[in-house]
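Biologist: I have a model open and would like to go through it with you. Can we start with the packing and move on from there?

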Amino acid sequence: MTWPTAEAPLPLRPRWSLRARLIGLVLLITTLALAVVDIALPSLVKGALIGARDQSLNAVIAALPERIGPDNLRRLTATSPLRSGVGWSLINPDGQTYVLIGPADNDPGPALTGVLGEKLSTVGGVQTGDHYRILPRLITADGSTATLVAWTNIEDDNDLLQRLIVTELLITLGLLLLLGSVASYLIRRELKPLEAVADVADQIAAGDLSQRAAVGQSGVEVDRLGVAFNGMLDGIDGLLREREAAERRLRQFIADASHELRTPVAAVRGYTDLYAAGALPETPAVGRAMERMGYESRRMGSLVEDLLTLVQADASDSLAMDRVELVELLAGVVEDASAIDRTRHATMVPPAADLPAIVVLGDHNRLHQLFANLMGNVRTHTRPGTTATVSLAQDPDPRFVVATVADDGDGVDEVALPYLFDRFYRADPSRSREQGGSGLGLAIVAAIAAAHGGAVSAGRSESGGLAIRVRLPRAGAGHGPTAVTTSS
């Protein structure tokens with residue numbers, strides 16, 4: 001784990017938190033949507049109001065006869081059934097304008113200077129700032145052409161639009177304030193687990209690896225993130241603990257190996273020092289010293305080979321994985337044990353007739369060494385006349401098979417069973433190195449079994465002796481290493 005230093009400072013916190021960014025994004029999108037509504041609605045209302053005004057003007061103009069004389073002009077405009085809210089003005093051929101009749105007595109009407117054609121348009125008022133919607137029509141009277149204009153005051157519509165715009169702005173402001181408050185509350189509540197995860201991450205970065213995020217059980221993404229985060233921390237914590245345990249085991253292993261090697265090295269050095277000092281003047285004394293030096297050298301070489309075997313077994317990728325017929329391999333191991341030591345008996349129980357061929361995927365030499373070490377353990381730690389029995393059985397899990405090496409010796413104390421597979425462990429402390437070996441035999445057995453994806457366990461045999469069970473996966477099972485266990 002890399003901790004922040006002066007050369008690698010902690011990253012700065014962002015100016016805007018995630019909560020502020022989410023709230024800002026919600027408000028921005030809402031503001032844009034309301035702005036579109038605030039612009040579109042007045043435009044639509046204005047278009048509808050103008051359309052209604054234009055429809056009224058077209059209706060009153062269409063209700064007039066095609067020919068209008070000056071004598072009936074005022075009467076027709078005054079009696080038009082559609083003239084409600086509509087005023088009439090006349091532009092004489094000489095350009096003078098006067099109001100025939102207006103919708104209100106105090107309405108001076110629009111400014112009609114320069115009005116041409118017969119199109120709808122909007123113009124200003126004569127004396128006020130009001131706006132008018134007008135529709136001119138050319139009429140002929142007494143051989144001259146004049147312009148009759150129907151008009152309506154649209155200032156009320158403009159006032160309505162202004163009130164609508166102001167109301168929209170107030171509603172928009174209120175909605176934004178309400179939405180901001182609700183969004184802030186909801187986002188704060190929903191992101192609370194995420195903030196807890198961030199706080200725990202800060203504490204872990206500061207060195208406190210025991211912290212965990214408190215998450216709910218709702219199943220939403222934030223809670224799932226918290227659960228995954230805690231799971232990741234548990235995994236990292238487990239890896240760190242395993243690394244620390246491995247380092248402790250390595251230090252202990254180096255210390256034990258150094259201690260075991262120190263004795264033969266010291267013996268060899270002592271004899272050489274005696275010889276150099278002239279303390280071995282007689283030939284028999286020199287021969288005895290050379291014999292002892294040879295023995296210590298062989299024991300030192302055996303110990304180094306055992307250490308190398310452990311290292312190779314720990315590196316499972318160094319194994320030559322082949323299909324190994326386990327019955328044939330065990331039969332060879334039993335024959336070898338019988339030939340090596342005739343003071344003890346080695347037998348093999350034939351597997352059940354209904355048991356299919358037992359084939360495991362592994363390194364033939366290492367598997368042979370595993371079971372040879374178990375038979376050697378019987379030779380080293382039992383009295384002459386002891387019988388070692390090798391048997392095979394199907395594990396409750398059909399993907400595994402169990403090989404058992406059991407003896408009818410004195411057995412091992414219950415207290416010692418959990419430590420039999422520890423490196424350099426001896427169940428009988430009073431046993432010398434010459435009698436008890438290096439203490440690596442069963443450790444090598446456990447390492448080889450683990451490298452093949454299996455496990456070993458120790459317990460008592462039916463006759464009261466020691467029984468070592470080796471659980472190995474069949475070929476094609478594809479299991480990884482499992483733990484070493486003990487049982488009574």
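Biologist: Leaving aside its neighbours within four places in sequence, which residues is F371 in contact with?
Modeller: This is a predicted model, to begin with. In it, F371 contacts L326, L329, L330, V333, A403, V405 and V470, with neighbours within four places in sequence left out.

Biologist: What is the largest nonpolar core, and which residues have the most contacts inside it?
Modeller: That core has 42 residues, and F371 and L374 are the ones with the most contacts inside it. At least two residues each come from helix 6 (283-314), helix 7 (326-340), helix 8 (364-381), strand 9 (387-394), strand 10 (400-407), helix 10 (441-451), strand 11 (455-460) and strand 12 (466-473). Another core, of 13 residues, lies apart from it and includes L57, I61, I139 and A150.

Biologist: OK, L57 then. Where is it found, and is it buried or exposed?
Modeller: L57 is in helix 1, residues 18-62. It counts as buried because its relative accessibility is 0%, and the cut-off for buried is under 20%. In general, nonpolar side chains in soluble globular proteins tend to be buried together.

Biologist: What does L57 touch, not counting residues up to four places away in sequence?
Modeller: L57 touches V86, L120, R133, I134, L135, A150, W151 and T152 on that count. Take T152: L57 and T152 are 95 residues apart in sequence, with a C-alpha to C-alpha distance of 7.8 Å.

Biologist: Back to helix 8 and helix 10. How do their axes cross?
Modeller: The two axes come within 9 Å and cross at roughly 150°. Angles over 145 degrees count as roughly antiparallel, so helix 8 and helix 10 are roughly antiparallel to each other. Helix 8 passes helix 10 in a left-handed crossing.

Biologist: Which residues make that contact?
Modeller: On helix 8 they are R366, L367, Q369, L370, N373, L374 and N377. Helix 10 contributes G441, L442, I444, V445, I448 and A449.

Biologist: Change of topic: D157. Why does it count as buried?
Modeller: D157 counts as buried because its relative accessibility is 9%. The residue is in helix 3, residues 155-190.

Biologist: What does its side chain make a polar contact with?
Modeller: The D157 side chain makes a polar contact with the side chain of R53, at 2.9 Å. Leaving aside neighbours within four places in sequence, D157 is in contact with L49 and R53.

Biologist: Last one, the whole protein. How many helices and strands, and what percentage of residues count as buried?
Modeller: There are 10 helices and 12 strands. Of the 488 residues, 35% count as buried. Among contacts between residues at least 6 apart in sequence, 65% join residues at least 24 apart.

Technical notes: Residues are numbered from 1 along each chain as its sequence is written. This is a predicted model: local features need pLDDT of at least 70, side-chain atom pairs count only at pLDDT 80 or more; totals for chains, interfaces and linings use all residues. Side-chain values use heavy atoms; hydrogens and water are left out. Helices (H or I, at least four residues) and strands (E, at least two) are DSSP runs, numbered from the N terminus. Buried means under 20% relative accessible area, exposed over 50%, partly exposed in between (1.4 Å probe, protein chains only). A polar contact is a pair of N or O atoms within 3.5 Å; within protein, one must be able to donate a hydrogen and the other to accept it, and residues adjacent in sequence count only if both atoms are side-chain atoms. Contact means heavy atoms within 4.5 Å. A nonpolar core is a set of buried Ala, Val, Leu, Ile, Met, Phe, Trp, Tyr and Cys residues joined through side-chain atoms within 4.5 Å. Axes are lines fitted to C-alpha atoms, for helices over the stretch in contact, and angles run from 0 to 180 degrees between N-to-C directions. Angles under 35 degrees count as roughly parallel, over 145 as roughly antiparallel, 65 to 115 as roughly perpendicular and the rest as oblique. A crossing is left-handed if the near helix is turned anticlockwise from the far one by less than a right angle, and right-handed if clockwise.
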